[in-house]
Amino acid sequence: MRAFASDNYAPILPEALEAINAANVGHAVSYGADEWTDRLRDRSAEVFGTRDIFPVFNGTGANVVGLRAMLRPWQGVICAETAHLNVDEGGAPEVMGAIKLLTVPTPDGKLTPSLVDTRVTRIGDEHAVQPGVVSVTQSTELGTLYTVEELRALADHAHAHGMLFHIDGSRLANAAASLDVDLRAITTDVGADVVSVGGTKIGLLAAEAVLVLNPELAPSLLYLRKQSMQLASKMRFVSAQLLALLDGDLWRRSAGNANAMAQRLADGVREHVEVTQPVQANGVFAILPPGAAGELQRSFKFYEWNEATGEVRWMCSWDTTEADVDAFVAAVRDVVAATVQ
């Protein structure tokens with residue numbers, strides 16, 4: 001099966017499997033006191049400028065743990081209405097972290113300082129949840145990207161209003177590859193306080209991390225990660241994968257292929273369907289005529305994004321090939337042509 005439903009469908013990177021196998025020798029101290037996790041901290045210092053990186057199992061866990069460290073009990077998180085935090089985490093921030101999400105409608109999945117201001121209200125009012133964090137998804141749930149300048153403006157705006165700045169980077173590598181910058185440029189250098197560093201969608205197995213760039217927040221992560229059930233006992237196998245991803249250019253090669261295949265897909269279908277969002281990372285959003293999605297899904301897996309409008313989402317992965325894309329483009333062309341006759 002070749003799928004365009006999610007980059008989570010893809011197999012594990014061979015380099016990640018090799019890293020797990022290489023770490024699977026002898027005994028090692030548990031819960032992160034191992035040589036692989038220590039080397040990951042050293043590599044994080046080189047890549048991001050801090051050793052405060054905390055491996056976890058999944059992106060939802062990374063977000064909940066990171067945000068818990070950033071918030072007081074009476075504070076909430078300003079995020080886009082379409083943010084992954086709001087629409088795709090099953091209420092985990094609310095249930096597991098008791099976190100109030102202060103959502104903002106956006107046309108393209110992106111916050112701006114002026115949009116943030118719509119939720120910076122009733123400051124000091126004891127009856128109202130106080131905004132404590134601005135969180136952005138990079139790349140967004142609509143496949144769009146924040147530029148370096150946009151991220152910096154949001155971080156500066158949040159800090160000027162006494163808030164912290166969080167980046168949900170489940171597809172952080174795709175964003176950096178598309179922007180042609182290093183990972184530090186869209187995290188540390190823009191003034192983020194906490195970043196969820198994605199590994200699964202770029203080819204790792206149950207390996208994500210909370211990156212803490214505000215040193216005042218780091219001590220709490222040890223306890224919050226454990227409380228949130230995200231502390232791996234055999235952490236060396238999680239850390240070894242993250243280390244492999246951050247060593248050299250594996251993250252850039254993997255993300256770059258996914259991005260390039262999404263662009264190839266968008267270019268191939270534009271004359272047959274309406275592409276609804278700019279293709280800036282590894283996702284393509286398009287509107288299909290009635291009946292076309294069901295017919296295509298007989299052979300290819302993908303999600304309907306908006307049943308009311310016929311909008312669908314097609315995702316490309318680190319292992320998507322040109323042949324995969326070309327076969328899908330041909331199927332879209334044929335099905336759409338048959339549907340509109």
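User: Which residue stands opposite Val312 in S11?

Analyst: Glu304 stands opposite Val312 in S11. S10 and strand S11 (residues 311-315) pair in the antiparallel sense over three bridges. Two strands are said to pair if DSSP finds at least two bridges between them, and strands here are DSSP runs of E with at least two residues, while helices are runs of H or I with at least four, both numbered from the N terminus. This is a predicted model, in which local features need pLDDT of at least 70 and side-chain atom pairs count only at pLDDT 80 or more, whereas totals for chains, interfaces and linings use all residues. Residues are numbered from 1 along each chain as its sequence is written, and side-chain values use heavy atoms, with hydrogens and water left out.

User: What makes strand S8 and strand S10 stand at the edges of the sheet?

Analyst: The open sheet has four strands in the order S8-S9-S11-S10, with antiparallel pairing. Strand S8 (274-275) and strand S10 (303-306) each have a single partner strand, so one side of each lacks a neighbour in the sheet. Helix H11 (residues 250-269) lies across S8, strand S9 (283-287) and S11, and runs at about 20° to S9.

User: Why is H11 called roughly parallel to H13?

Analyst: The axes of H11 and helix H13 (residues 322-340) cross at roughly 25° and come within 9 Å. Axes are lines fitted to C-alpha atoms, for helices over the stretch in contact, and angles run from 0 to 180 degrees between N-to-C directions. Angles under 35 degrees count as roughly parallel, over 145 as roughly antiparallel, 65 to 115 as roughly perpendicular, and the rest as oblique. H11 is therefore roughly parallel to H13. The contact involves residues of H11 including Met261, Leu265 and Val269, and residues of H13 including Val325, Phe328 and Val332; contact means heavy atoms within 4.5 Å.

User: Why are H1 and H10 called oblique to each other?

Analyst: H1 and helix H10 (residues 236-246) pack at an angle of about 135°, with their axes 8 Å apart. H1 and H10 are therefore oblique to each other. In this packing, Glu15, Ala16, Ala19, Ile20 and Ala23 of H1 meet Arg236, Phe237, Ala240, Gln241 and Ala244 of H10.

User: How is Glu15 known to be partly exposed?

Analyst: Glu15 lies in helix H1 and has a relative accessible area of 28%. Buried means under 20% relative accessible area, exposed over 50%, and partly exposed in between (1.4 Å probe, protein chains only). Glu15 is therefore partly exposed. Leaving aside neighbours within four places in sequence, Glu15 is in contact with Ala244, Leu250 and Arg253. Glu15 and Gln241 are 226 residues apart in sequence, yet 7.9 Å apart in space, C-alpha to C-alpha.

User: What makes His84 count as buried?

Analyst: The relative accessible area of His84 is 16%, and His84 is therefore buried. His84 is found in helix H4 (residues 84-87). Not counting residues up to four places away in sequence, His84 touches Glu89, Thr137, Glu141 and Asp168.

User: What puts the buried residues of H9 on the same side of the helix?

Analyst: In helix H9 (residues 218-227), the buried residues are Ala218, Leu221, Leu224 and Arg225. They cover an arc of only 100° around the axis, and therefore lie on the same side of H9; the arc is that of the directions from the helix axis to the C-beta atoms. An α-helix has 3.6 residues a turn, so residues three or four places apart point the same way. The buried residues of H9 pack against strand S1 (53-56), helix H3 (59-70) and strand S7 (208-212). On the other side of H9, Pro219, Tyr223 and Gln227 are exposed. Met229, which follows H9, has a positive phi near 65°.

User: Is Asp180 buried or exposed?

Analyst: Asp180 has a relative accessible area of 63%, and is therefore exposed. Asp180 is placed in the loop between helix H8 (172-179) and strand S6 (194-197). Its phi is positive, at about 60°, although Asp180 is not a glycine.

User: How is Tyr31 classed by its relative accessibility of 45%?

Analyst: At that value, Tyr31 counts as partly exposed. Tyr31 lies in the loop between helix H1 (14-23) and helix H2 (35-47). Tyr31 is not a glycine, yet has a positive phi of about 60°.
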